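Subject: Structure handover

Hello,

Please find the structure below. My notes on the pocket and the ligand follow.

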Amino acid sequence: MSRQPDLAIALDLPDVRAALALVDAIGGEASWYKVGPVLFVRDGPALVKELAGRGKRVFLDLKWHDIPNTVAGAVASAAALGCELATLHLIGGPAMLEAAASSRNGSGLKLIGVGVLTSFSAADYAAVMARGVADVGEEQERLVRFALGAGLDGFVAAAPETPRVRRVAGAAALLVSPGIRRAGAAPDDQRRVATPVEAVRAGSDLLVVGRPVSGAKDPAAEVRAIRAEMAG
Ligand code: C5P
């Protein structure tokens, strides 16, 4: 991936037909597509091959969190399938992350660590952790710091947390930001949203957008509008 910020479209759709219809409607406006669990459980490998056949790049967002041996196997399978990015939970710990990083078998698969999901507010996260959490960004930073040295390529970071994650993770880390909304758009269930230009200025390398594009009357025009906003 070049360091020019790019855009990944989240294919959070109920079936492969709907997903490929969206990809075809977007045409040449986007090359990265994020495949999550809904579609992957239904028809994952076939969909990845269809996307590759259309010249698209696949970001497999299954957010793995399991024992090291199992996650290592999942990473090897994703690499063999031709996926270029995949996510796993930082809370899986160093042994899981190191096993994952060493299972890529020389493929181009890059691994991206997930800290705190963007749908969490500090209060929600504190309730889950059963301890005080004043600031979700601090939790994100703590998890990233804990994962340094495990061999990951980057981290998911909501745009408001991107500068502090960048300071911890360094210039080479690929920072991926969901929770992107054009100015005035509905946040849906995202709690920490940023506009495209805010995310780019915060230092995000790959902006992830789902519902604003999949729900648009003209998805290609929406992608163009997002790219125009990325450029400022
Ligand atoms: O529709 P929307 O633009 O909110 O989609 C955001 C996408 O990014 C979803 O696929 C969601 O699963 C994913 N994501 C997220 N927060 C994270 C990691 C991934 O919203 N921390």
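Which residues lie nearest the centre of the largest pocket? They are Asp12, Lys34, Asp61, Lys63 and Gln190, out of 26 residues that line the largest pocket. A pocket here is an open set of points on a 1 Å grid over the protein atoms alone, where a 1.4 Å probe fits, with protein on both sides within 12 Å along at least five of seven lines; lining residues have an atom within 4 Å of a point.

This is a predicted model, in which local features need pLDDT of at least 70 and side-chain atom pairs pLDDT 80 or more, while totals for chains, interfaces and linings use all residues. Residues are numbered from 1 along each chain as its sequence is written, and side-chain values use heavy atoms, without hydrogens and water.

The ligand sits in the largest pocket (more than half of its atoms lie within 2 Å of the grid points). Of the 16 residues around the ligand (a heavy atom within 4 Å), Asp12, Lys34, Thr118, Gly210 and Arg211 come nearest.

- 2.6 Å to an N or O atom in the side chain of Lys34
- 2.7 Å to an N or O atom in the side chain of Arg211
- 2.8 Å to a polar backbone atom of Gly210

The protein buries 87% of the 470 Å² that the ligand exposes when taken alone (Shrake-Rupley accessible area, 1.4 Å probe).

Regards

Conventions
Polar contact = N/O pair within 3.5 Å; in protein donor to acceptor, adjacent residues only side chain to side chain.
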